[in-house]
Amino acid sequence: FPFPYTPYLIQERFMAALYSALEAGRVGIFESPTGTGKSLSLICGALSWLRDFEEKRQREEAQLLALEDRGQEGKKEPTSDEPGRPDSEGGAGEPDWVTAFVQKKEERDMVERLKEEQMRRKKRDDRLEKIRQNVQLKYAAKRKRSEEEETKRLLQLSKEVLSEGIGVDVLEQLDHSEEELILAEYESDEEKKVVSGLEEDGDDLEEEHVTKIYYCSRTHSQLSQFVHEVQKSPFGKDTRLVSLGSRQNLCVNEEVRRLGALQLINDRCMEMQKNKHEKKSDEEMEGKKRRVSRTVCPFYSYEQMQFLRDEVLVEVKDIEQLVALGRETKACPYYGSRYAIPAAQLVVLPYQMLLHEPTRRAAGIKLKDQIVIIDEAHNLIDTIACIHSAEVSGSQLCCAHSQLLQYMERYRKRLKAKNLMYIKQILYLLERFVAMLGGNVNQNPSCQAVSQTGTVLKSINDFLFQSQIDNINLFKVQRYCEKSLISRKLFGFVERYGGPATAVKTNKENQKLAGLQNFLLTLQQGSDKEGDPPMEADNDQLRTASPLMQIEGFLSALTNANQDGRVILNRQGTVGQSSLKFLLLNPAVHFAKVVEECRAVIIAGGTMQPVADFREQLLSCAGVDPERVVEFSCGHVIPPENILPIILCSGPSNQQLEFTYQTRDLPQMMDETGRILCNLCNVVPGGVVCFFPSYEYEKQVYAHWEKTGLLTRLATKKKVFQEPKKANQVEQVLVEYAKCIKRCSQAGGQMTGALLLSVVGGKMSEGINFSDDLGRCVIMVGMPYPNIKSPELQEKMTWLDKTMPRPAGQAPSRVLIENLCMKAVNQSIGRAIRHQKDFASILLLDHRYARPAIFNKLPQWIRERTQVKPAFGAAFAELRKVRTCILCTA
């Protein structure tokens, strides 16, 4: 395998196992601890396979074409002894000459297709090579753009000068511009072919998708990091890579970017495209009636986006570089990058985009016979469930009902019968949903108290029957919403008439809309008093919450199979604060299509243990043959002596460590935890990170230590930091924590570093690197079991017990709870070792970690080096020994 340096042995094994899985078309679960060069192994292993696969295919194509050419030369008439004679018959009762003709036709068609593909491939490669070699092309394109911009600017100026003094009636303009708010006639519920908005030469859009690798990860920064690894790899120069992202990340139109909210950005972008495609018909009508000028996006230029597409394919770029290129070339990176998908060999994208089928379809992603690598996949099951779940509040339901009712009343005479029928159905659905929460759509949701508070779970069918909407075909309603773009029309309507700053309220029709405006204002005021989370006091925020779009997601969720999900009715205080939530219980139904279509799927991560969840809840339920699943787990590159994992069963005063819900609040347990930390801070240099099961427990322990004076004793050796709840404060705390450790290591003295009190599943348990002195010791206080009283978790447990097999007689619900706990533990303790020369100790404070069922769920590289210490003295001696070794090497 080509590699930028001599690979570790485990990297060679990883790449060999990956290559083998891709070649055999397997579904692989790959685990490689952080710090072992996982990203580089994925890149070099997967791209080596792709290179070999393409070479092999090209050889086969060349052989086939050569055979065809020879066959053309040696063509002769069939004799009576040959299969072409009319009186002989094939095996299926057809005459042999018919079978031979069909076979020959299929071969000829395939050869023709191959020739076309080769021509297209050669044309593309020549074009990209030309761009790569000829820098002057770039400058010529840039000069042409500048000239076009200057021409456009002069035309605009002349139009403005001509329009001055004409005195067009403002009201007439506003009335005319309302045309875009009217729903088009809805002719059929059947799928209609969507005409592409691009009217120019569409040959490039029909380009065949080459065999490619879709690489997905969780966050924008992880994807950028991966792209930089590709740039540094031996494949960095000749790989056609494209990075995909949302409009929020890729839009270069400042007017649109300023809108901030993703939904607003999406809507504005779509509106500008529509304006561009309607411009021609507007110009044709210019002589008959003056139209209001509509804004079109200057970056949505077909020619420039094709240029950007080629630039993207010529050189590997991350999202930041793609955005910079978009600004420079005056081309939209969002669409330009999508045009690059067919020819790309490696497509890098957030995994929400790949796992959600409508988004996948909209992006032009085709998975048939392709490779998918899902990195950082430890939370894959939860992610799929989250993407396909949906929640709507009482405020959103009432708000959407009011908006839609006002819209219908204003445009009733202009709407066709089918549009009115579907709008009435949607209004009825909203009315029934609010009734299920114990409210009335015609009253302010923030002022309606709910009589029976609490949480109720219902099956989908029960919910549909009890809300009296089982007679409505939700599939048709969903299709109508999708095709008619009703939520966008409604959003434009509310933008115009729903805000307090709305101008032009002179004619009678506009005055009728005061009801909608007042209703929205009362919602605002009500939510201020009640503190209702979905509705913000700021008017801009109010308008960004496009409630019907959120409700469309909920309606779509209700079309899942009855056994695959539940509806949660959460009645709290007022109708506005109450909510309806769809909970997906079976994520496998949405993952099944990915594994069915793809040639191979690789699920990879630094900590994948325990993997039973992936096998049973995801792959087995998705219908994947167990023979197709392959597992690979490798150790760490650090020497065994560089890590000291200890399971501690009791503290310095022989108090047994068992942090159950019943015992963890006891003063003696909190005191014992404090004593352990005091002793450790005396011997461990640099930074100590201590993880608690929850924010509440961390706060409680901190307050207890403050009261007993233990916090003051801790502060003599380590400065104490607490993980903030707000995400925007995390960076500041980490910077201060790192500064303190650095200052202490340089200055010497009594203070030896810092202690960071963190929370499992919080901001610092994932994605933060506590390498070197930032994390010389990681402590896990107790076992972070999830809250089993949660209605969602209880329903998931019940569903698993009904549908899953019982391995070794253990209830699947019990296995789920243990797996959720240990996944969280493994993520947190993996924060400390980040590279080959790093070292750290890991302390698990609870005797239950020593139980075989729990112990075996630790990552292998930690498990095989873990010591179980019944008493604190023996553990403390081991830690002192490590410190002595560190001082000696220093």
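**Exercise 1.** At what angle do helix H20 and helix H24 pack, and how far apart are their axes?

*Solution.* The model is predicted: local features need pLDDT of at least 70, side-chain atom pairs count only at pLDDT 80 or more, and totals for chains, interfaces and linings use all residues. Residues are numbered from 1 along each chain as its sequence is written, and side-chain values use heavy atoms, with hydrogens and water left out.

Step 1. Helices (H or I, at least four residues) and strands (E, at least two) are DSSP runs, numbered from the N terminus. H20 covers residues 486-497 and H24 residues 547-557; they pack at about 160°, with axes 8 Å apart. Axes are lines fitted to C-alpha atoms, for helices over the stretch in contact, and angles run from 0 to 180 degrees between N-to-C directions.

Step 2. H20 and H24 are therefore roughly antiparallel, a term for angles over 145 degrees.

**Exercise 2.** Identify the residues that meet between H20 and H24.

*Solution.* Ile486, Ser487, Arg488 and Leu490 in H20 meet Leu548, Met549 and Glu552 in H24; contact means heavy atoms within 4.5 Å.

**Exercise 3.** Determine which strands stand at the edges of the open sheet of 7 strands.

*Solution.* Step 1. The order is E14-E15-E13-E16-E17-E12-E18, with parallel pairing; two strands pair if DSSP finds at least two bridges between them.

Step 2. E14 (718-722) and E18 (867-869) stand at the edges, each with a single partner strand, so one side of each lacks a neighbour in the sheet.

Step 3. The twist averages 20° from one strand to the next.

Step 4. Within the sheet, E13 (residues 686-692) and E16 (residues 777-781) run parallel and are joined by 4 bridges. Val688 stands opposite Cys777 in E16.

Note on methods: Angles under 35 degrees count as roughly parallel, over 145 as roughly antiparallel, 65 to 115 as roughly perpendicular and the rest as oblique.
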